[in-house]
Amino acid sequence: MEQKEIIEILKNDNAEELYQKAHKTRVETIGHNVYLRALIECSNVCSRNCLYCGINRENKELKHFSLSKDEIIKTAKLAKELGFKTIVLQSGENQVYDLKTMCGIIEEIKSLNLALTLSLGEKTFEEYKQYKKSGADRYLLRIETTDEILFQKMHPDGNFKNRVECLYNLKELNYETGTGILVGLPNQTIESLAKDILFFRELDADMIGLGPFIPHNKTLLKNEKAGDLELTLKVMALVRILMPNINIPATTAMETLSKNGRKKALISGANVVMPNVTPILNRENYSIYPDKKGVNALNKEELEKLYKEIEEIGDKVSGGFGASKNFKKINK
Ligand code: 5AD
């Protein structure tokens, strides 16, 4: 599929048909398994000033926290007890955990027989290499947008080429590699969304996470319009159709924008949910956007409700590690 065709589909009104096709594709390739990942937001300290993000360094009202190694391991153990098979360790971009400390954390989490995804931002090739050597399996680094001008505007101290290079480094180091975008950034075009999708394919990403942009009142974009859920779901459905074997989460931002966002995503191509296991005291300070509506895994009823929701749509929570089929295909 070329850019022109992708643009046409994104502009077309018939979203329902697209969602159904994406769901059919997911069921045919992955089946009815849904994979759960336990998200630990380990530190909200960030040295970047991304315009859209509530934990950017210019937000002086933010109460900073960084979980200690012991707290992270304790949380990972708790996630394991709750039945999770994958831990996602996410933080702002910072130097809170030096290389040795992070490698120690990775080794300990891996000794619990869990899959581990890191989402710590842009690091050097050597750092990614050491994390991998310590046992990390997967890495998430959204490109956010492939429109270079928009990228530079949204990330005043970012470098588009470096971010792309990071993603190719992760691929080269044999990480199961995830990327993704924000849908609905100010001045983002349908044309650029189509290019984003082509970029995912070019990279041969193993996971794609995307969500609508949600304005945060402590950022420069506070008065901008939020992204559109339907357009987000259309992009996601199209990604599923074009990349049938990858993992796609129903993201928290989708649920934040609409009460049934997660459910809609799961019947439009998504096959992953990432409930939050961050200690409650720290959670409100990890506010990348307001009113984050993720599943709180520490609340028994909420986790049970998620299981029920998944069963209601004819799926089941998988007991496996849930590696991307796209990744397994090359690494048999
Ligand atoms: N709205 C929606 N998503 C956001 N993210 C950051 N800020 C926002 C926002 N205001 C997303 C980015 C990042 C991920 C962890 O959260 O895409 O990669």
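This text walks through the ligand site and then one glutamate in a helix. The model is predicted, so local features need pLDDT of at least 70 and side-chain atom pairs count only at pLDDT 80 or more, while totals for chains, interfaces and linings use all residues. Residues are numbered from 1 along each chain as its sequence is written, and side-chain values use heavy atoms, with hydrogens and water left out.

Start at the ligand. Its shell includes Tyr52, Cys53, Gln90, Arg142, Glu144 and Leu182. Pro212, Phe213, Ile214, Ile288 and Tyr289 also belong to it. Eight shell residues are nonpolar, one is polar and two are charged. Here Ala, Val, Leu, Ile, Met, Phe, Trp, Tyr, Cys and Pro count as nonpolar, Asp, Glu, Lys and Arg as charged, and the others, Gly among them, as polar.

Now the polar atoms. Glutamate 144 places a polar side-chain atom 2.6 Å from a ligand oxygen. For arginine 142, a polar side-chain atom lies 2.8 Å from an oxygen atom of the ligand. Tyrosine 52 uses its backbone: a polar atom there is 2.9 Å from a ligand nitrogen. The protein covers 87% of the 410 Å² of accessible area that the ligand has on its own (Shrake-Rupley method, 1.4 Å probe).

Turn to helix H10, residues 252–257, which holds glutamate 255. Helices are DSSP runs of H or I, at least four residues, numbered from the N terminus. The side chain of glutamate 255 reaches the backbone nitrogen of arginine 262 at 2.7 Å.

Terms used
A residue is near a molecule or strand if one of its heavy atoms lies within 4 Å of it. A polar contact is a pair of N or O atoms within 3.5 Å; within protein, one must be able to donate a hydrogen and the other to accept it, and residues adjacent in sequence count only if both atoms are side-chain atoms. Helices (H or I, at least four residues) and strands (E, at least two) are DSSP runs, numbered from the N terminus.
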